[in-house]
Amino acid sequence: MTDLVSHVTSRIHPHDQEEAAPAERALRVVHEPGGIDLAAAEEAAGQFLKALGVSTASESLRGTPGRMARAYAELFSPRPFDLTTFPNDEGYDELVLARRIPVRSVCEHHLLPFVGTAHVGYLPGGRILGLSKLARVVEHFACRPQVQERLTKQVADWLQTHLEPKGVGVVIEAEHTCMTLRGVQATGSSTMTSTLLGLLRSDARSRSEFLALTGVAS
């Protein structure tokens, strides 16, 4: 399978540079998966259902292959956004944390959904981030076939690279339907992953504060 990470590009468009205020720096973040062919996906979905013995001849199932194609296209298409940052004029050096960010993604092993929440925080350096953008970054990396471990690290690494904070922390807790609805059928189980970078990894006080505020250490 092609690694979709190779198709993710982050760039500053020239017109964005011209229109942005001097104190504001915006990075245009887009996802380029290489094109979606809904017609081909619908045909393949119909063949898939037929191969599993599911007839789409009835009125209620006739449109199911098309709905499947559009649903997965939506799951694999994050919305573009501007990663807007601002100068940290006051020298704020305490934790900034967005808790319980909704996460929805698709397990790359079975193409079944996993859903949960993410806690994303950082210790500011020279710039601070528009708060809604933390959720946007989570969505950006979640909208593709994923494993939770990689998703957690991608969000943290991306923020560390583009925001250059003193530290980044990401904790994700999710329920995987590939585990709860099939196989072991461990209904109600959840999986937790974390990535800590910079001072949130090396400084014990900062790490403890982050984990306590996320509820992981409670």
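## Overall make-up

The protein chain has eight helices and nine strands, where helices (H or I, at least four residues) and strands (E, at least two) are DSSP runs numbered from the N terminus. This is a predicted model, in which local features need pLDDT of at least 70 and side-chain atom pairs count only at pLDDT 80 or more, while totals for chains, interfaces and linings use all residues. Residues are numbered from 1 along each chain as its sequence is written, and side-chain values use heavy atoms, with hydrogens and water left out.

Of the 218 residues in the protein chain, 38% count as buried, that is, under 20% relative accessible area with a 1.4 Å probe and protein chains only. Among contacts (heavy atoms within 4.5 Å) with a separation of 6 or more, 68% are between residues 24 or more positions apart.

## Sheet

An open sheet of five strands has the order E7-E4-E5-E8-E9, with mixed pairing; two strands pair if DSSP finds at least two bridges between them. Strand E7 (145-146) and strand E9 (191-198) are at the edges with a single partner strand each, so one side of each has no neighbour in the sheet.

E4 and E5 run antiparallel and are joined by nine bridges. Ala98 has Val120 in E5 as its bridge partner.

## Nonpolar cores

A nonpolar core is a set of buried Ala, Val, Leu, Ile, Met, Phe, Trp, Tyr and Cys residues joined through side-chain atoms within 4.5 Å. The largest has 30 residues, and Val120, Leu134, Val137, Leu151, Val155 and Leu159 have the most contacts inside it. At least two residues of this core come from each of strand E3 (81-87), E4, strand E5 (113-123), H4, helix H5 (148-163) and strand E8 (167-176). H5 gives the most, six residues.

Beyond its neighbours within four places in sequence, Val137 is in contact with Phe81, Leu83, Val155, Trp158 and Leu159. Another core lies apart from the largest one and has six residues, including Leu95, Leu123, Leu196 and Phe210.

## Second largest pocket

On a 1 Å grid over the protein atoms alone, a pocket is an open set of points where a 1.4 Å probe fits, with protein on both sides within 12 Å along at least five of seven lines; lining residues have an atom within 4 Å of a point. The second largest pocket holds about 160 Å³ of space. Strand E4 (96-107) and helix H4 (132-142) are the elements that give two or more residues to its lining, and H4 supplies the largest share, six residues.

The lining of the second largest pocket includes Arg79, Arg104, Arg136 and Glu139. Its residues divide into seven nonpolar, one polar and four charged.

How values were computed. Grid points are joined across faces, edges and corners, and a volume is the space filled by probe spheres set on the points. Ala, Val, Leu, Ile, Met, Phe, Trp, Tyr, Cys and Pro count as nonpolar, Asp, Glu, Lys and Arg as charged, and the others, Gly among them, as polar. Buried means under 20% relative accessible area, exposed over 50%, partly exposed in between (1.4 Å probe, protein chains only).
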